[in-house]
Amino acid sequence: MTTAIYPGSFDPITNGHLDIVKRASSIFEKVILGVYDIPHKSLLFSVDERVELACKAIVDYKNVQVIAYSGITIEFARQAKAQVLVRGLRASSDFEREFEMALMNKKLAPDIELVCFMANLRYQFLSSSLLKEIITLGGNLDDMVPAHVSAALKKKLLP
Ligand code: ADP
């Protein structure tokens, strides 16, 4: 049985992330969406809120689980007994950073394999930070996030 972890800040989870979850869950027997708490990164949602939003979004995927973690991702993967680390790549914007992290992770944990999914063309442009900007400017998030995420963003960002 292959277990994969899909780590990220998921602040909040978007349809781009969910597309990766769907594809990973059809390949691996178990997928753990790891929500990491990064105190030095400015986040809109608390770790509990991000976990709750992600849990609601993945409810239809029976082999997907959401777990919060802190500390080094590779340690979290080990604790979860995962053999694979999943990441999503959008056009050129993610590649250099992901490549750098992949090399470091490989050095720290040669037994854990990285599998990158190319972002779906529909979601190439989609980032959590752009969503926050769109909501603040009164834009429509249909087809970018699940309805409960859109409601949570509005509640947080709109007066
Ligand atoms: P991080 O803080 O680790 O970048 P994110 O929550 O922004 O966390 O992203 C988690 C993972 O999902 C990363 O591998 C990122 O490249 C990927 N990702 C983010 N947005 C999209 C998208 N629209 N389509 C596909 N993958 C995405």
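Visitor: What is the relative accessible area of R90?
Guide: Buried means under 20% relative accessible area, exposed means over 50%, and partly exposed is in between, for a 1.4 Å probe and protein chains only. R90 is partly exposed, and its relative accessible area is 26%.

Visitor: Good start! What kind of model is this?
Guide: Residues are numbered from 1 along each chain as its sequence is written, and side-chain values use heavy atoms, leaving out hydrogens and water. Local features need pLDDT of at least 70, side-chain atom pairs count only at pLDDT 80 or more, and totals for chains, interfaces and linings use all residues, since this model is predicted.

Visitor: Which side chain does R90 meet in a salt bridge?
Guide: A salt bridge here is a side-chain nitrogen of Lys or Arg within 4 Å of a carboxyl oxygen of Asp or Glu. R90 has such a partner, at 2.9 Å from N to O. The partner is buried, at a relative accessible area of 11%, and its name is D94.

Visitor: How many salt bridges are found in the whole structure?
Guide: One of them joins E113 and K106, at 3.1 Å from N to O; E113 is partly exposed at 43%, as is K106 at 33%. Shared partners also join E75, R78 and D111 into one network. The search of the whole structure gives a total of 11.

Visitor: With which residue does D37 form a salt bridge?
Guide: The closest N and O atoms of this pair are 3.3 Å apart. D37 lies in the loop between β2 (30–36) and α2 (47–57), and its partner is 13 residues away in helix α2.

Visitor: Is V66 buried or exposed?
Guide: V66 belongs to strand β3 (residues 64–69), strands being DSSP runs of E of at least two residues and helices runs of H or I of at least four, numbered from the N terminus. Its contacts, meaning heavy atoms within 4.5 Å, include L33, V35, V51 and I58. With a relative accessibility of 14%, V66 counts as buried.

Visitor: How many of the residues of strand β1 are buried?
Guide: T3, I5 and P7 point one way from β1, while A4, Y6 and G8 point the other way, and all are buried. The strand, residues 3–8, is therefore largely enclosed by the rest of the structure, its buried count being 6 of 6.

Visitor: In which sense do β1 and β2 pair?
Guide: Pairing requires at least two DSSP bridges between the strands, and G8 stands opposite V35 in β2. The chain passes from β1 through helix α1 (residues 15–27) to β2 in a right-handed β-α-β crossover; that is, with the strands pointing away from the viewer, the path from the first strand over the helix to the second runs clockwise. Over 6 bridges, the sense of β1 and β2 is parallel.

Visitor: At roughly how many degrees do the axes of α2 and α6 cross?
Guide: Axes are lines fitted to C-alpha atoms, for helices over the stretch in contact, with angles from 0 to 180 degrees between N-to-C directions. Angles under 35 degrees count as roughly parallel, over 145 as roughly antiparallel, 65 to 115 as roughly perpendicular and the rest as oblique, and α2 and α6 are therefore roughly antiparallel. Their axes come within 10 Å, and the crossing angle is roughly 155 degrees.

Key. Lists of a residue's contacts leave out its neighbours within four places in sequence.
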